[in-house]
Amino acid sequence: SLVENYKQEFCKDVELILRDTFPKKIVELDKLYKSEQLALSRAAQVKEATLLSLKEVTSKKEVPATPPPAKRKRNEASSLENGADKEIRFVTNVQCNHIVSELIMLVKPEIRELIEYCNKVKMWIQLQIPKIEDGNNFGVSIQEETISEVTTFCEFAKGSFDDMSRYFVTRGKVSSKIVKYPHLEDYAKYLSELDEKQFLHIRVFTNELKMIYCCMFDIINKNIEKIKKPRNQMSSNLY
């Protein structure tokens with residue numbers, strides 16, 4: 001049938017991914033983790049990039065002679081058609097930290113790819129689960145445990161997307177404070193620490209991606225017989 005043909009082709013594709021793609025990803029991510037792009041010594045460059053992103057703010061930094069005006073009433077604040085008001089709001093440009101942004105763009109495709117592989121592996125194992133019967137379910141429990149482990153890895157990868165989004169939101173809020181209060185050095189210092197923290201997080205996360213591939217490859221390889229044929233002891237090893 002069409003469904004059975006799809007199942008066979010899908011299983012072949014996933015087994016090829018497990019056999020060839022996972023080892024390649026482990027090597028690639030290990031090289032990236034040990035590369036100059038993620039070297040610990042680059043943390044100083046990240047801080048320099050933070051200062052560069054605030055160049056326009058620091059060049060215009062002046063201690064205000066009068067305190068900032070109180071919040072306007074709604075009917076007064078609605079007059080954004082005023083050209084002077086627009087100039088006040090958009091006079092200063094704060095750039096992203098180009099090093100951190102480049103690394104995020106480098107790592108995000110790896111995260112998307114891992115999530116896709118996790119979903120395929122889960123479906124592949126699910127297709128190997130036999131019909132429900134009484135007894136002789138030890139192999140099925142191994143399949144279910146493996147699916148649970150892969151799901152945990154997948155959820156961890158999905159959470160990393162939220163972490164990266166929160167970084168940009170937090171940086172934007174801090175940058176707005178720096179623009180509003182350029183004479184307070186604490187905000188600029190916090191922004192520098194935030195960028196360095198995100199750089200270190202990306203570095204650690206890259207190593208964790210490699211470890212996830214290693215763990216999935218190891219778990220599946222060790223239990224391949226029970227995963228493919230949970231109720232048949234006479235199965236050959238995939239590798």
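Because the model is predicted, local features require pLDDT of at least 70 and side-chain atom pairs count only at pLDDT 80 or more, while totals for chains, interfaces and linings use all residues. Residues are numbered from 1 along each chain as its sequence is written, and side-chain values rest on heavy atoms, with hydrogens and water left out.

The secondary structure comprises nine helices and zero strands, where helices (H or I, at least four residues) and strands (E, at least two) are DSSP runs numbered from the N terminus. Along the sequence this gives the pattern α-α-α-α-α-α-α-α-α. Of the 239 residues of the protein, 35% count as buried, a term that denotes under 20% relative accessible area, as against exposed for over 50% and partly exposed in between, with a 1.4 Å probe and protein chains only. Among contacts (heavy atoms within 4.5 Å) between residues at least 6 apart in sequence, 83% join residues at least 24 apart.

The axes of helix H2 (residues 43-53) and helix H6 (residues 98-128) come within 7 Å and cross at roughly 115°. In this contact, Gln-45, Val-46, Ala-49 and Leu-52 of H2 meet His-98, Ile-99 and Val-100 of H6. The residues of the contact of H2 with H6 divide into five nonpolar, two polar and no charged, with Ala, Val, Leu, Ile, Met, Phe, Trp, Tyr, Cys and Pro counted as nonpolar, Asp, Glu, Lys and Arg as charged, and the others, Gly among them, as polar.

Helix H6 also packs with helix H8 (residues 185-222), at an angle of about 25° and with the axes 11 Å apart. The two helices H6 and H8 are therefore roughly parallel to each other, given that angles under 35 degrees count as roughly parallel, over 145 as roughly antiparallel, 65 to 115 as roughly perpendicular and the rest as oblique. By class, the contact of H6 with H8 has 18 nonpolar, two polar and three charged residues.

The axes of H7 and H8, in turn, come within 11 Å and cross at roughly 170°, which makes H7 roughly antiparallel to H8. The contact of H7 with H8 holds 18 nonpolar, six polar and six charged residues.

Ile-202 lies in helix H8 and, at 0% relative accessibility, counts as buried. Leaving aside neighbours within four places in sequence, Ile-202 is in contact with Leu-38, Val-100, Leu-103, Ile-104 and Val-107, and its C-alpha atom is separated by 9.5 Å from that of Tyr-33, 169 residues apart along the chain. Gln-198, likewise in helix H8, counts as buried at 8% relative accessibility; with neighbours within four places in sequence set aside, Gln-198 is in contact with Val-100, Ile-104, Met-164 and Tyr-167. Arg-203 is also found in helix H8 and counts as buried at 17% relative accessibility. Beyond its neighbours within four places in sequence, Arg-203 is in contact with Tyr-33, Leu-38, Ala-39 and Leu-40, and the C-alpha atoms of Arg-203 and Leu-32, 171 residues apart along the chain, are separated by 9.1 Å.

In helix H7 (residues 138-180) lies Thr-146, which counts as buried at 4% relative accessibility. Apart from neighbours within four places in sequence, Thr-146 is in contact with Ile-125, Ile-219, Ile-220 and Ile-227.

The structure holds seven aromatic pairs, in which rings of Phe, Tyr and Trp (its six-membered ring) have centres within 6.5 Å, planes under 30 degrees apart counting as stacked, over 60 as edge-to-face and the rest as tilted. The rings of Tyr-117 and Tyr-213 have their centres 6.4 Å apart and their planes at 70°, so the pair is edge-to-face. Since Tyr-117 lies in helix H6 and Tyr-213 in helix H8, the pair ties together parts that are 96 residues apart in sequence. Both Tyr-117 and Tyr-213 are buried, and ring pairs link Phe-22, Tyr-117 and Tyr-213 into a cluster.

Definitions and conventions. Axes are lines fitted to C-alpha atoms, for helices over the stretch in contact, and angles run from 0 to 180 degrees between N-to-C directions.
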